[in-house]
Amino acid sequence: MESSSSFFTISIFLLLLLGYNMHASGCYTSIISFGDSLADTGNLKQIYSNSNLDPPHFFFPPYGETFFHEVTGRCSNGRLIIDFIAETLGMLGISPYERLKTNNVVEIGQGINFAVAGATALDSSFHEAQGVHNPFTNASLGVQLNWFKELLRSICVTKSDCRNLLRNSLILMGEIGGNDYNHPIVAGKPSDEIKLYVPLVINTIISALEDLIYLGAQTLVVPGNLPIGCLPTYLTLYHGSDKVELENTTGCLVHLNKIAEYHNELLQMALNQIRELNPDVNVIYADYYNAAMQFYRSPQKYGFTSGALAACCGGGGPYNYNLLVACGDPSSRSCDHPETYANWDGLHLTETAYHVIYKSLFYGTYTTPQFNTLCPISNGHTLYASSCSV
């Protein structure tokens, strides 16, 4: 067992160091990712594969149909934002930590992804104390960070080794925090109570960032929350209620978007403080909210001819979402042209929508400071690339 563990840690070290001579952009040697289902490329799927638990609906077709043509553990029909980032930076694929740990082999790639679908920023014990159960995982941000720290202790001969590794890596901190609000919303918690969680969530994210900076991280991308009031899950949950307000221009739920806006406001304030304390560190805020609001306000402009508020894959209803018939269920229905939809399954976006957000962030003006001023990248990235490591 000890021999297997040693081989695994050596393999991971070689995997990360491989990027030192193979990165294409010249900016970073590897990507290290934390987060939830917006970034998970297979960790939760591997965790379930190693257990006797019944797999959740997003481990069945039609998930993964558009690009990979198989189920990969990504909660979408195709690629996520992290996949587009990796392709643009010339990375061959960012392997899920749990897969590497299970297989004890080196996979071609230049980084590690610790993100787990369903993960929260706050520990599961906090939400359990509020009467909210996470049905998928207890791999909170703290758990993911501990996985990474344990790995560093195993692979770094000296602290300098670790600092060099992190200094040359692009750290993706999420998106994380959305499920700290998603799970309570589904559990029926009132908005006023959920807003009380926001400062706690922000403090947890900031604490993780401070730990990574202390370890040597030099460039960190920190996404804000998406406009959760635009998700078919919640539009269905509150459908027909006279107690909620819909935005005139988008049809999104005002009170839920205000929670996301509050989260993003506090996060940006906290990131400004980190920048003041660490002037030599690149702390980049990624404005997922306003990047996404582009297609919620003008879906036709971005090719979403089927709209931005209905799910491509679901169980029917005004937004094609049914809590009892999830995407992947035999009785669910999936659209023929997911590229015309912004939403995939009620809670997650389509590959096309993620690509719009990605381009707005890394080629546009939706990062602070602008990412392309820190790492000039070609605008030659193609949405329909021929291959991508899973």
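Visitor: Which residues lie nearest the centre of the largest cavity?

Guide: This is a predicted model, in which local features need pLDDT of at least 70, side-chain atom pairs count only at pLDDT 80 or more, and totals for chains, interfaces and linings use all residues. Residues are numbered from 1 along each chain as its sequence is written, and side-chain values use heavy atoms, with hydrogens and water left out. On a 1 Å grid over the protein atoms alone, a cavity is a set of points where a 1.4 Å probe fits but cannot get out, a pocket is an open set with protein on both sides within 12 Å along at least five of seven lines, and lining residues have an atom within 4 Å of a point. The largest cavity has 13 lining residues, and those nearest its centre are Leu38, Glu175, Asn182, Leu226 and Leu347.

Visitor: How much space lies in the largest cavity, and how many cavities of 30 Å³ or more are there?

Guide: A volume here is the space filled by probe spheres set on the grid points, which are joined across faces, edges and corners. The largest cavity holds about 130 Å³, and the count of cavities of 30 Å³ or more comes to 6.

Visitor: Which element gives the largest share of the lining of the second largest cavity?

Guide: Helices (H or I, at least four residues) and strands (E, at least two) are DSSP runs numbered from the N terminus. The second largest cavity, with about 100 Å³ of space, is lined by 15 residues, including Ile81, Ile85, Leu172, Gly174 and Tyr288 nearest its centre. Two or more lining residues come from each of helix 3 (81-88), strand 5 (219-223) and helix 14 (351-362). The largest share, 3 residues, comes from helix 3.

Visitor: What is the relative accessible area of Leu92?

Guide: Leu92 lies in the loop between helix 3 and strand 2 (95-96). Its C-alpha atom is separated by 6.8 Å from that of Gln110, 18 residues apart along the chain. Leu92 is partly exposed, with a relative accessible area of 43%.

Visitor: How are the axes of helix 6 and helix 10 arranged, and which residues make the contact?

Guide: Axes are lines fitted to C-alpha atoms, for helices over the stretch in contact, and angles run from 0 to 180 degrees between N-to-C directions. The axes of helix 6 (residues 141-155) and helix 10 (residues 198-215) come within 10 Å and cross at roughly 10°, and the two helices are therefore roughly parallel (angles under 35 degrees). The contact is made by Leu141, Leu145, Phe148, Lys149 and Leu152 of helix 6 and by Thr204, Ile205, Ala208, Asp211, Leu212 and Leu215 of helix 10.

Visitor: What volume does the largest pocket have?

Guide: Helix 8 (179-186) and helix 11 (232-237) are the elements that give two or more residues to its lining, and the largest share, 4 residues, comes from helix 8. The volume of the largest pocket is about 580 Å³.

Technical notes. Angles under 35 degrees count as roughly parallel, over 145 as roughly antiparallel, 65 to 115 as roughly perpendicular and the rest as oblique. Contact means heavy atoms within 4.5 Å. Buried means under 20% relative accessible area, exposed over 50%, partly exposed in between (1.4 Å probe, protein chains only).
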